[in-house]
Amino acid sequence: MKIAKIEPYIIVHKLDTPFYFSQWQYDTRKICIVKVTLEDGTYGWGEGYGPAGVIKAGIEFFTPFLLGKDALGHEILWQEMYRRSLDYARSGSLQAAISAVDVALWDIKGKLLDQPVSVLLGGIKNPIIQPYATGLYFTRVENLEDTLVEEALIYKSQGFKAVKMKVGLGVEEDIKYISAIRKAIGPDIKLMIDSNHAYNYRESLKLAQQVEKFDISWFEEPVSPEDYEGYRRLRENTTIPIAGGECEYLKFGFKRLFENECVDIAQPDICATGGLTEAKRIATLAQAYSKDVVPHTWGTWIAINAAVHFVGNLDMNPGRMYCELPTMELDRTENALRDIVTKSDVNVVNGLINVPNSPGLGVDVDIDALEKYREIKTDDASFKIRS
Ligand code: MG
C-alpha cells in the first residue's frame, strides 16, 4: 500500500495562564503533527516532540524518499530516514521528524490490519495503565506554595496515585514546596521531582539527600544530559531512584545512559527518540540493562495514545505474577491543541487508563479545529515545551 501524501502541520495556541520551569517560561504551545495518506485514502497521524518548525522542515526533507513506498514496510522506511539523517543530525529534531512519520505509519498499519497498535507491537501485556499526573509548574502568583498544594490536591481528588512536580528554583525553595506538597497529599500518593537539568552534581546531591525523607519515587533530570558522570555519582549517593532520557535520541543515546549507569528509569519520548519503532528497541535495550522504562509524554492525544499503546505492550522489569500497574506520563496542564484539535478513544477514569481496542492509535484530528489552530507561517523554529 503506497504512500501518496505527507502533510505536516504546525498548530499553535496562546496559553491563558503562562507557566515556567527551571529553564524558561511559556506563554504559547506550538506542536508539529503530520498526516500520512495512502493511495486508497487510508491515513495515519503522527507527532514530533520539539521545535515545531524544525520538525516540519525535517518531515519535508524526508518526504521525497517516502512517497510511493509501501507504508507497511515501516522499518525499511525508518532505516531510509535514519540513513538520510546520519551524516548531519545523529540526534535532535531530525529524529523527532522521523518519529512523527513513524508514529503515523503505525497508525496506518493498525487501520489496514484492523488491529490496535499495542497488538501489532506484540500484544496487550498491560491492559490497565496507572498514569502519573504531570503538572505543578511554576506560575507568577502571590503565594506559589498554596497554589502548588491546591493543584496537587486536585490530582489526588481525580484519582491519580502519583504526581510529578517541578523543582529547580534553588535547593532551599525546592525543599519548601516538596515538603508542603508531601504533607498535603499524604503518604499514599507517589511524588516525583523533575529539575529539567537545573543543577550541577553537588547541588543535585544536596537536594536529593535533603528530600529523601519525603519518599520521592524518582528524581528526574537532576543534572545536564551531557553530565553522565554527574548522573552516575548522584545515583551512587542517594537512595532516590534517578530518571532521565527525554533529551536522549535513538538506541545509541540510551546505550550511553545505561553504560554509564546514569539512571534507574529510562524516559524515551516516543515522538522524539525515533518513534514507536525505535522506542520498542530502546525498551529491549533497557531490559538488557535491567532498567525500568516510563516514557516521557507531551503534546496532543496523538503522542499520548502512542505512549498508551507502547506501555500496554511493555515488559515489566523484571516481571512477576503480581506487578504494580505500569505507569506513563500524563500532562495535566492547559493544552487546547490536545483537548480541542485531537480526539482520542483513551479515557482516564479514576486515575486509570484502559488500553483501547480500536484499530491504529485510536486517535483522530478535528479538521475544523486544525484549520482554526493551524499556523501558516513557519519561520519560528525556536519553540520547545519540556516536561
Ligand atoms: Mg521531565
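## Starting from strand 8

How many bridges join strand 8 to strand 9? Two bridges join strand 8 to strand 9 (residues 242-244), and these strands run parallel. Strands here are DSSP runs (E, at least two residues), as helices are (H or I, at least four residues), and both are numbered from the N terminus. Two strands count as paired if DSSP finds at least two bridges between them. Within this pairing, Glu220 stands opposite Ala243 in strand 9. To get from strand 8 to strand 9, the chain crosses through helix 8 (residues 228-236), and this β-α-β crossover is right-handed. Right-handed is meant as follows: with the strands pointing away from the viewer, the path from the first strand over the helix to the second runs clockwise.

Before going further, please keep in mind that this is a predicted model, where local features need pLDDT of at least 70 and side-chain atom pairs count only at pLDDT 80 or more, while totals for chains, interfaces and linings use all residues. Residues are numbered from 1 along each chain as its sequence is written, and side-chain values use heavy atoms, with hydrogens and water left out.

Asp194 stands opposite Glu220 in strand 8. The chain passes from strand 7 through helix 7 (residues 201-211) to strand 8 in a right-handed β-α-β crossover.

## Enclosed strands

Strand 8 (residues 216-220) has four of its five residues buried, so it is largely enclosed by the rest of the structure. Buried means under 20% relative accessible area, exposed over 50%, and partly exposed in between (1.4 Å probe, protein chains only). In strand 6 (residues 162-166), five of the five residues are buried, so this strand is also largely enclosed. Ala162, Lys164 and Lys166 point one way from strand 6, Val163 and Met165 the other way, and all are buried.

Strand 6 is joined to strand 7 by five bridges, running parallel. Val163 stands opposite Leu191 in strand 7, and Met165 has Ile193 as its bridge partner there. Strand 5 (residues 132-134) pairs with strand 6 in the parallel sense over two bridges, with Lys164 the bridge partner of Thr134. Strand 5, helix 5 (residues 144-157) and strand 6 make a right-handed β-α-β unit.

An open sheet of four strands has antiparallel pairing and the order 3-2-1-17. Its edge strands are strand 3 (43-48) and strand 17 (374-375), each pairing on one side only. Strand 1 (residues 3-20) and strand 2 (residues 25-38) pair over 13 bridges in the antiparallel sense. Tyr20 has Gln25 in strand 2 as its bridge partner.
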